[in-house]
Amino acid sequence: MKQEPLLQVNGLCVEFSTKNGSVRVLNQLDLHLLPGEALGIVGESGCGKSMTALSIMRLVPTPPGEISNGQILLNGDDVLQLTESQMEDIRGNEISMIFQEPMTSLNPVFTIGSQVSENIRRHQSANTSQAKEKTIQMLEAVGIPAPELRIDQYPHELSGGMRQRVMIAMALSCQPSVLIADEPTTALDVTIQAQIFELLRKIQEEMATSVILITHDMSVIAEFADRVIVMYAGRKVEEGLVRDIIDNSCHPYTQGLINCVPVLKRDPGLKRVELNEIPGVVPNLAQLGPGCSFAPRCHKVVDRCYQEMPPEQQVGENHYASCWRVGDAA
Amino acid sequence: MNNRQELNPMVRPDRPVVELWLMFFANKAAVLGLVLWLLVVFTAVFGLTIYTGDPFEMVGAPMTPPGAEFLLGTDYLGRDVLTGIIHGASITLAIGFSATICTVIIGVVIGVLAGYYGRWVDNLLMRVTEFFQVLPPMLFVMVLISLFTPSIYLIVLAIAVVSWTGMARLTRAEFLKIKELEYVTAERAMGARNASIMAKVILPNALPPLIVAVALNVGTAILFEAALSFLGLGDPNAYSWGYMIGSSREYIWDSWWTITFPGFAIFLTVLGVSLIGDGLNDALNPKLREL
């Protein structure tokens with residue numbers, strides 16, 4: 001059974017012009033999102049995962065950034081061809097986004113109720129009292145206690161977890177078909193993190209919203225996503241269902257990310273648990289060679305990796321990886 | 001997993017506006033400024049109904065010293081100084097306020113556009129601003145006024161034309177800072193349009209320093225008008241405090257009261273507005289808040 005994708009990104013390239021010429025922060029990125037699916041995008045800082053989100057929203061800061069190539073099809077229409085005012089109707093309505101820092105993502109001078117209802121009134125024909133009613137409903141749906149009292153509170157009166165719930169309520173207030181969550185729990189406590197994911201999952205099921213979850217944390221991916229895209233230096237290096245990626249990853253970078261997740265079990269013989277790391281740092285995007293950008297940090301590297309960019313190969317059903325060593329014995 | 005707890009009666013911090021006023025009223029100097037201003041406004045609004053009379057009318061002997069007949073004396077034409085001060089209050093306030101309103105409109109519009117759109121818009125508008133900034137303001141006002149017939153409207157406009165640059169730079173600086181903040185991006189991600197981001201998201205957050213600047217601007221505008229009238233460039237039909245000082249300046253050795261009382265009125269009014277401005281500055285600055 002082949003489902004039509006809700007969102008499809010083809011060959012997306014984003015370039016930033018710097019003093020030393022233009023730098024490609026996203027390079028030939030392809031991805032698709034099926035209806036009702038939770039897609040995880042994982043990678044280190046600077047790998048282009050947030051830029052992917054901003055490109056889909058068409059919020060890449062221009063200049064210096066520019067979407068230089070590619071297509072972003074939402075229900076078959078290319079959003080890159082839309083006018084700015086058509087795009088404004090899509091943002092917050094068809095595609096919504098929640099951000100990393102709930103502490104600073106709400107306007108400090110307005111009450112949360114007015115901010116949520118503002119968004120409802122922006123995209124839907126609702127009068128003040130209808131919008132207020134809808135706001136209370138939405139706040140209720142994201143698990144904010146006593147929403148009829150909370151709507152008159154200012155952001156600084158709420159905790160980080162509560163503010164992130166408000167952000168989610170605002171993002172979902174117009175029933176978007178796609179919700180992009182850019183590291184929604186990075187700034188929150190672990191306990192709150194679990195609650196937020198529980199909430200996102202519940203909402204995803206109830207409202208049939210597709211979610212793109214952007215994170216650097218493999219454990220979050222394992223917990224939440226259906227399918228995963230692993231990115232490195234502006235490229236997709238591996239893609240597959242979450243169980244294939246976790247149990248059977250093919251790309252050394254993915255394996256490295258999985259090994260980095262700390263384990264709570266302690267070996268009684270050892271004083272301290274060894275933490276795993278991927279040696280080296282993320283490369284400077286302005287100085288990439290012709291080969292695989294992960295090669296300098298890779299423990300399986302061969303000469304060919306430095307000379308030629310590995311193509312994407314299918315390694316299983318819905319499972320793709322870009323590595324010359326795919327299939328070689330580990 | 002919606003384990004709802006009964007919400008305790010919420011212990012809520014004061015609303016921002018309430019907090020601002022509490023801070024303001026805790027500041028003795030600011031309260032003094034406010035009292036001075038209320039006095040001036042009261043005089044301007046109700047003074048004429050209580051103390052009637054035409055300030056241009058000669059009511060007594062010229063240069064009568066202050067005393068029982070004329071509380072503050074008369075000037076070289078026999079005009080009552082007290083009547084003049086009461087009349088002057090409304091003219092002075094009207095000019096101070098309207099010049100400030102014009103200043104704010106010009107300055108904020110230019111600052112918002114430059115700060116928000118950046119790039120060539122910013123470049124262009126800032127070069128224009130700099131052009132106005134390098135002109136000596138007093139001289140520029142005098143040129144503007146001598147080109148046309150002096151009237152209150154012209155004076156108001158001329159004061160605004162030389163004072164908007166500071167307001168524009170301040171607004172631009174605030175916009176440059178705030179437009180990079182996350183809630184602006186978040187708002188844009190919710191589909192807000194440029195106009196709505198400027199007016200509803202950034203401007204309200206840029207207000208605190210602007211409010212202070214506006215308060216101080218009222219004082220500057222009043223001083224400007226006084227200086228112009230003193231030089232004889234004011235509206236001859238507007239009996240402002242500056243006009244009183246200007247018209248009597250040749251008799252300063254013979255009748256000190258004709259200059260001292262209007263001068264004192266200007267001093268107290270400008271002092272009041274400065275104290276209010278400082279008080280607002282302290283109250284609006286979160287770093288000075290007592291915890």
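Which residues of H7(B) are buried? They are B:Tyr183, B:Val184, B:Ala186, B:Glu187 and B:Ala189. The model discussed here is predicted.

**Interface between chain B and chain A**

- Contact between the two chains involves 27 residues of chain B and 41 residues of chain A.
- The size of an interface is often given as the accessible area lost when the parts come together.
- For chain B and chain A, the buried area is about 2900 Å², and carbon and sulfur atoms give 56% of this area.
- Four salt bridges are found by the rule across the interface of chain B and chain A.
- One of the salt bridges links A:Glu88 with B:Arg193, and its closest N and O atoms are 2.9 Å apart.
- Eight residue pairs are in polar contact between chain B and chain A, with both residues at pLDDT 80 or more.
- On the side of chain B that touches chain A, at least two residues each are supplied by helix H7 (182–189) and helix H8 (194–230) of chain B.
- H7(B) provides the largest share of that side of chain B, namely seven residues.
- The side of chain B that touches chain A consists, by class, of 12 nonpolar, six polar and nine charged residues.

**Surroundings of H7(B)**

- In chain A, the buried residues of H7(B) pack against helix H1 (49–57), strand E6 (95–98), helix H3 (112–123) and helix H6 (160–172).
- In chain B, the buried residues of H7(B) pack against helix H6 (152–178) and H8.

**Overall form of chain A**

- Chain A contains 11 helices and 12 strands.
- Chain A is as compact as a globular protein of its length, because its radius of gyration of 21 Å is close to the 20 Å that the globule rule gives for 330 residues.
- Along the principal axes, the C-alpha atoms of chain A fill a box of roughly 65 × 55 × 50 Å.
- Among the 330 residues of chain A, 52% count as buried.
- Of the contacts in chain A with a separation of 6 or more, 64% are between residues 24 or more positions apart.

**A:Arg227 in strand E9**

- A:Arg227 is situated in strand E9 (residues 227–232) of chain A.
- The relative accessible area of A:Arg227 is 5%, which is under the 20% cut-off, so A:Arg227 counts as buried.
- The side chain of A:Arg227 makes a polar contact of 2.4 Å with that of A:Glu37.
- A polar contact of 2.8 Å also connects the side chains of A:Arg227 and A:Glu239.
- Apart from neighbours within four places in sequence, the residues in contact with A:Arg227 are A:His32, A:Leu33, A:Glu37, A:Ala38, A:Leu39, A:Gly40, A:Glu239, A:Gly240, A:Leu241 and A:Val242.

**A:Gln193 in helix H7 of chain A**

- A:Gln193 belongs to helix H7 (residues 190–207) of chain A.
- A:Gln193 is buried because its relative accessible area of 15% falls under 20%.
- When neighbours within four places in sequence are left aside, A:Gln193 is in contact with A:Thr185 and A:Val220.

Terms used. Residues numbered from 1 in each chain as written. Chains lettered and ligands numbered in written order. Predicted model: local features only at pLDDT ≥ 70, side-chain atom pairs only at ≥ 80, totals over all residues. Heavy atoms only, no water. Contact = heavy atoms within 4.5 Å. Buried area = accessible area lost by both parts, 1.4 Å probe. Salt bridge = Lys/Arg side-chain N within 4 Å of Asp/Glu carboxyl O. Polar contact = N/O pair within 3.5 Å; in protein donor to acceptor, adjacent residues only side chain to side chain. Helix = DSSP H or I, 4+ residues; strand = E, 2+ residues; numbered from the N terminus. Nonpolar A, V, L, I, M, F, W, Y, C, P; charged D, E, K, R; others polar. Rg over C-alpha atoms; globule rule 2.2 N^0.38 Å. Buried < 20%, exposed > 50% of the residue type's maximum accessible area, 1.4 Å probe, protein only.
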